[in-house]
Amino acid sequence: MRPRHLRRRGPLAAAATTLAVLCAGQTLAAPRAAAAPAQAATREARTSTASEVRTAQDAAARAIAGALTDPAWRARVRQAALTSDEIPVTALADGALRAALAAADRRIAAAKGLASDVGPLLSLRLGDPSMRGALTAGTAPWVAAATSDDGPVTAYDGKGRTHTLDARATPARPVYVVDIDGSRALAAGLDVLHEELARQGVRSADPAPEPTRARASAAAAGFWTTRISAVSLSDDQEPWIKGDAEIYTLVTGFGHDGKVRVDPVDMPYLDNDGTVYRPRQILVNWSSYKYSLADAVMMEEDGSTNYRDLAKAIAAVLLTVTDQGAYIPLVNAVLDAIPDDWWTDDPDYVDSWYTLARTDDGTRYGARGNGWMTLEPYFVQEL
């Protein structure tokens with residue numbers, strides 16, 4: 001299941017943001033107003049992205065359901081669904097079905113701003129483990145696209161008929177869910193985010209840097225980092241139609257040139273809420289920053305995320321923020337860059353952490369109360 005999201009920014013969060021900025025003795029130069037045109041364009045693009053992705057997934061669900069009338073294909077899919085949590089369905093198919101699914105893959109990639117060579121994005125899984133018994137017993141499965149949080153869910157049978165399901169009540173009949181390979185989409189998306197931020201003039205490190213690739217401090221044979229020793233997101237009741245979360249974090253601060261930078265950090269292990277993960281993952285490489293403070297905004301990949309548009313929206317706001325000789329918290333600037341409609345229905349924002357310090361050693365709770373991270377200073381020795 002995916003982590004709980006708060007549905008909109010409330011006055012408490014806004015007040016906390018304002019207080020953080022005032023405490024720093026700084027003000028942000030109306031990033032919201034500066035980003036208004038970009039937000040309008042991004043909102044329209046996001047609506048288009050969501051529509052394109054939904055249409056492609058729904059068409060794939062229809063095609064797969066129709067193909068289940070073939071006993072050989074039905075048996076192949078059933079075996080794969082019972083032995084794997086996620087099936088690369090395009091590779092499993094052949095003939096006309098494979099061509100149709102490949103076309104849907106390309107449509108989804110284009111809608112999300114990903115490169116055409118990203119590879120198959122569609123995946124198939126059994127909607128819930130409780131369905132395994134009925135599937136094993138030979139009950140004919142339906143097929144649905146994972147495009148709804150609260151329902152209703154439209155499922156298709158082998159004759160092309162539609163069936164309406166409750167997203168909050170797991171059906172007894174087995175249902176194959178057509179989803180997006182979140183790990184593949186996120187990895188490709190963060191590459192696009194990194195490249196587009198740089199194109200827009202915002203410095204950004206590779207989303208998955210290895211310590212040996214990071215720039216070593218000139219003052220020592222290595223560099224200081226902040227490492228995540230444990231992390232967890234809050235428990236929640238998510239619909240059966242939805243799968244694991246795909247989480248990433250945008251680390252923001254000021255580079256040595258005094259300009260704002262954004263460093264994406266992929267967190268592929270952070271699948272389920274209510275679970276403590278101990279990744280020992282580097283979150284911040286302090287050799288990239290002018291100050292010993294940085295902010296972090298945790299996000300979730302979803303089908304309607306266009307990474308190129310997201311980068312443009314963030315850049316439109318962050319480029320208005322200038323270094324004034326003291327650290328300015330940047331969480332509010334990033335949140336202001338996110339269009340208002342991203343806070344409803346299927347939000348991408350998970351939580352945020354203000355003013356992470358190089359010396360932080362212990363548990364820090366997110367400003368939204370949706371998660372916590374235990375952090376520790378970690379020195380990376382130069383080879």
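Predicted model: local features only at pLDDT ≥ 70, side-chain atom pairs only at ≥ 80, totals over all residues.
Asn-306 lies in the loop that runs between strand E10 (293-300) and helix H9 (307-318). Its relative accessibility is 9%, so Asn-306 counts as buried, the cut-off being under 20%. Setting aside neighbours within four places in sequence, the residues in contact with Asn-306 are Thr-49, Ala-110, Ala-111, Lys-112 and Gly-113. The side chain of Asn-306 reaches the backbone oxygen of Ala-111 and also the backbone nitrogen of Arg-308.

Arg-308 belongs to helix H9. With a relative accessible area of 27%, Arg-308 is partly exposed. When residues up to four places away in sequence are not counted, Arg-308 touches Gly-113, Val-192, Glu-196 and Arg-199. With Glu-196, the side chain of Arg-308 makes a polar contact. Gly-113 is 195 residues from Arg-308 along the chain, yet their C-alpha atoms are separated by 5.5 Å. Gly-113 is also among the contacts of Asn-306.

The distances for the side-chain pairs named above are as follows.

| From | To | Distance |
|---|---|---|
| Asn-306 side chain | Ala-111 backbone oxygen | 2.7 Å |
| Asn-306 side chain | Arg-308 backbone nitrogen | 3.1 Å |
| Arg-308 side chain | Glu-196 side chain | 2.9 Å |

Strand E5 covers residues 175-180, and six of its six residues are buried, so E5 is largely enclosed by the rest of the structure. In a regular strand, side chains alternate between the two faces of the sheet. In E5, Val-175, Val-177 and Asp-179 point one way, while Tyr-176, Val-178 and Ile-180 point the other way. All of these residues are buried, Asp-179 included.

E5 pairs with strand E1 (residues 122-126), to which it runs antiparallel, through five bridges. Within this pairing, Leu-124 stands opposite Val-178, and Leu-122 has Ile-180 as its bridge partner. E5 also pairs with strand E2 (residues 142-145), here in the parallel sense and over four bridges. In that pairing, Val-143 stands opposite Tyr-176.

Strand E1 is mostly covered as well, with five of its five residues buried. Leu-122, Leu-124 and Leu-126 point one way from E1. Ser-123 and Arg-125 point the other way, and they too are buried.

Definitions and conventions:
Residues numbered from 1 in each chain as written. Heavy atoms only, no water. Helix = DSSP H or I, 4+ residues; strand = E, 2+ residues; numbered from the N terminus. Buried < 20%, exposed > 50% of the residue type's maximum accessible area, 1.4 Å probe, protein only. Polar contact = N/O pair within 3.5 Å; in protein donor to acceptor, adjacent residues only side chain to side chain. Contact = heavy atoms within 4.5 Å. Pairing = 2+ DSSP bridges.
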